[in-house]
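Me: I would like to learn how to read strand pairing and core packing from a model. Could you take me through the case shown here?

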Amino acid sequence: MLKKSILSVFAVLLVTFSVFAGIRHYRSGVILAAEISKAKINIAGFQALAFPNIPQNKAFAVISVKLDPARELSIFDYSLEIKGQSWPCVAVYRNNRYEYTTVDVNVRGGGVMQMLFIIDGANIPASGEINAILKSNLSDARFYYDTEIPCKIIGSKMPTAPRSIPAAGLLPGR
């Protein structure tokens with residue numbers, strides 16, 4: 001009887017983790033995808049002076065999220081830490097492009113939103129995955145809301161468009 005109970009609990013946990021392998025919860029909703037690209041990504045209205053620590057060897061991390069109801073997103077809300085180095089969000093995807101904006105944005109109908117971070121490409125391997133931490137800048141207890149996410153390195157390909165990301169997400173299972 002005890003063996004059956006343990007096996008049942010294990011089976012339920014296995015199914016649960018398998019079903020949710022493609023997404024990860026974070027403070028404002030769920031993360032659906034995390035990709036790092038060395039492609040040249042244009043940012044409309046970009047203000048380089050606002051980001052004095054942009055590395056020479058650029059790579060772009062794109063975190064695709066679905067916000068909880070009544071949430072909005074700003075470039076000031078989150079930063080991304082990779083290998084101990086923290087990078088600010090420099091743009092969000094809106095109006096069918098990556099755009100530098102200082103206003104809060106949301107997608108009508110709860111669609112996929114993307115945050116863009118310019119990171120140091122010198123520390124990024126050519127392929128595979130790298131772990132990153134999405135850090136909330138929204139409260140004094142910031143560390144409490146840190147979310148570790150596996151980022152898929154996609155080489156020189158452009159990141160997946162928001163409309164092409166399935167509701168089940170694209171994050172690798174853990």
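Predicted model: local features only at pLDDT ≥ 70, side-chain atom pairs only at ≥ 80, totals over all residues.

Me: What is the bridge partner of leucine 80 in S9?

Reply: That partner is leucine 134; S5 and S9 (residues 128-136) run antiparallel and are joined by four bridges.

Me: Why is S5 described as largely enclosed by the rest of the structure?

Reply: Burial is taken as under 20% relative accessible area. Because four of the five residues of S5 (residues 78-82) are buried, the strand is largely enclosed by the rest of the structure.

Me: Which residues touch the most other members of the largest nonpolar core?

Reply: As a general idea, nonpolar side chains in soluble globular proteins tend to be buried together. Here the largest nonpolar core has 42 residues, of which Ile36 and Ile63 touch the most other members. Strands that each supply at least two residues of this core include S5, S6 and S9, while S4 gives the most, with seven residues.

Me: How many disulfides does a search of the whole structure find?

Reply: The search finds zero disulfides; cysteine 89 is buried, with a relative accessible area of 2%, and cysteine 151 is likewise buried, at 0%.

Notes
Residues numbered from 1 in each chain as written. Heavy atoms only, no water. Buried < 20%, exposed > 50% of the residue type's maximum accessible area, 1.4 Å probe, protein only. Pairing = 2+ DSSP bridges. Disulfide = S-S within 2.5 Å. Core = buried A, V, L, I, M, F, W, Y, C linked by side-chain atoms within 4.5 Å.
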